[in-house]
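Here is a short briefing on one protein model. Look at the sequence and the 3D view, then work through the points below.

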Amino acid sequence: MGLIKGEHRREGGLSPGRSQQDDPKRFSGKIAIFQYLTVAVFIFLVSGFWTLQVKNSNIYSQAAERNRIRSTPILAPRGKILDRYGRVIVGNKASYSLLLNRDEIQSKHLPAIAAALHLNYNDLLSKIQRMSSQPQIIIKDQLTGDEIAWVEAHQDVYTYPEMQLVQSWERQYPENGFAAHVAGYVGEISQSELNLPQFIDYEPGAIIGKAGLEREYDRSLRGVNGKQRILVDNLGQERATLTRKPAIPGQDLHTTIDLDLEAVATLSLQGRRGAVVALDPRDGEVLAMVSRPGFDPNQFAGHISQAEWEKLVNDPDKPLMNRATQAELAPGSTFKPFVALAGLETGVITPTTQFYCPGGATFYGHYFRCWRKGGHGHISVHRALVESCDVFFYTVANRLGIDHLAHYAKIAGFGGKTGIDLPHESKSTMPSTRWKMRMFRQKWYAGETISVGIGQGAVTISPLQLAVAEGGLAVGGKWYRPHLNKNVPKKLLRNGHFNPKDIAAVLSGMCGVVNEPGGTGGYARLPDIEVCGKTGTAQVASTSRTSGAKMNSALANNAWFVGFAPADNPEIVVVALVDHAGESVYAEPIVRDVLKAYFDKKARLARTQTARAWQRSLPNLFGSMERTLAMLAPSAGKDFQWQ
């Protein structure tokens, strides 16, 4: 029994010479598991190859192509802004910009990139998010030498592969804000601008004109960017250019501005707040336009900081405002020629009509002073213009009534815009009964007309609008649209069809302002040119509120002067406004200096043209003399030559 049991145990268990690892069943199980794993790996690999080669072949082939071929924009330079003689006002300078390729942007790289390029990290993130539809994002223009060196050292595929340097163009403006309000400046398009109809086809990140001519003619100035495809190696280094579509530069803008007159007007207004406008009344060409205080457009050419922007916007002197086109101020006595014209045209007065000025007059129970305390005595329209008698024009305005006065003033452009090719021009104001009802739902009172007669009350105008109004009067009652683009044809806005005798009477008085004894504009006189004009001292605050106390400089009167020359056939009209100067004598020399510069230059150019004409004619003259000598004395003339 014991033997049989022992033998049975050996048959049911393992033999003494075999281990558990040698069991065939266990060994075959491991083989099966390995086979299953092999099949699974094979299926995974096949699936991956299917995804790469068949299902998403286009996606991955494009990604591989991007690693080998890089698309780079070729930025178009903006067109230059030139003066009337082809001299550069605004140009370009070669520079470098940094862009990020969106497909390669890694968020962990952005803090280091922002720090190296002196960018605000949050602003960089905001820009990348804002330009989510763009494959390439320019994050900084006008890189410094140190920044370029850093980019070149870190733009390989192992550090910051998303970075790419591209050549760009830095906008160059004159120094010290010269012609800043005319030229304007450029900057990155904002989200609100992208929603405007005129920018419907612009992309986020585009650089556009923000003010002045840069904005008005942005489409022609900006050009069209090109593109090139470059072969790069595994380190991201450029090896060859495969295709290249050149950029189309922007068109140059030839303006009507004369840089010489612009410089004289700028220097004349130095240290003051105000504006100067000079234009040709015969066709509306703007020869000079200055507004002070100014700003430096070069601040905007790259990227202006938020602090600098807020400083400009919050400056109480409003340097960004173009006072020449946007100031809305009472014209003061410069409005009187239009009151005189309205009175003559309607028959309310004649050239010989006289009113008595004792130093003031009462209308509708209120006493209105004349600027001369002792008065002007009996005075007609000519002397009233020459000496700027307030009482005379109070009386004319009262007899006309506000609606008749408004009718003639609007023909000259009061109450509207000139239509100049600059953005954001303000609209002047010319009150009337209808205007007051529309604006205030109130009736117009006759007593309100009195102050309008001397350019006070609700009437307002900009220096440009006054230049256009007075210039149209100077050329016989024809008003042309002012323009800065030299290639824009002249456009007649209005023809008053006034009685030439009435026009002549008004212009005679304006010439007397400068050239006759007692005239208020004697500081504008020139020795060889007959200058005509009109002074204006416009109140900022009522004298009744400031009498008895020292006048605050911020409430001092604005000084105006408008002058044109020559008297017979005016070629140029100049308006000067000096804010809070107190008296028009501060504006007169500015107009005089600009007029003198214009006529001095005209004489100089005439002498130059005469000299050149003589130079061109000399060879013909000498040749004619040589032929004559040869005919008279053939034998002597054979060896004769002019040296």
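Thr-395 is buried, at 13% relative accessibility (buried means under 20% relative accessible area, exposed over 50%, partly exposed in between, with a 1.4 Å probe and protein chains only). This is a predicted model: local features need pLDDT of at least 70, side-chain atom pairs count only at pLDDT 80 or more, and totals for chains, interfaces and linings use all residues. Residues are numbered from 1 along each chain as its sequence is written, and side-chain values use heavy atoms, with hydrogens and water left out.

**Thr-395 and its surroundings**

- Thr-395 sits in helix H17 (helices are DSSP runs of H or I with at least four residues, strands are runs of E with at least two, and both are numbered from the N terminus).
- Leaving aside residues up to four places away in sequence, Thr-395 touches Phe-355 and Phe-363 (contact means heavy atoms within 4.5 Å).

**Helices H15 and H17**

- Two packed helices are described by the angle between their axes and the distance between the axes.
- The axes of H15 (residues 336-346) and H17 (residues 390-400) come within 10 Å and cross at roughly 45° (axes are lines fitted to C-alpha atoms, for helices over the stretch in contact, and angles run from 0 to 180 degrees between N-to-C directions).
- That angle makes H15 oblique to H17 (under 35 degrees is roughly parallel, over 145 roughly antiparallel, 65 to 115 roughly perpendicular, and the rest oblique).
- On the H15 side, the contact includes Lys-336 and Val-339; on the H17 side, it includes Asp-390 and Phe-393.
- The residues of this contact divide into seven nonpolar, two polar and two charged (Ala, Val, Leu, Ile, Met, Phe, Trp, Tyr, Cys and Pro count as nonpolar, Asp, Glu, Lys and Arg as charged, and the others, Gly among them, as polar).

**The disulfide**

- A disulfide is a covalent bond between the sulfur atoms of two cysteines.
- The structure holds one disulfide (here, a pair of cysteine sulfur atoms within 2.5 Å).
- Cys-511 and Cys-532 form it, with their sulfur atoms 1.9 Å apart.
- Cys-511 lies in helix H22 and Cys-532 in strand S19, so the pair ties together parts that are 21 residues apart in sequence.
- The torsion about their S-S bond is about 65°, so the disulfide is right-handed.
- Cys-511 is buried at 11%, and Cys-532 is buried at 0%.

**Cysteines without a disulfide**

- Cys-357 is in no disulfide; its nearest cysteine sulfur, that of Cys-389, is 3.7 Å away.
- Cys-357 is buried, with a relative accessible area of 1%.
- Cys-389 is in no disulfide either, and Cys-389 is buried at 0%.
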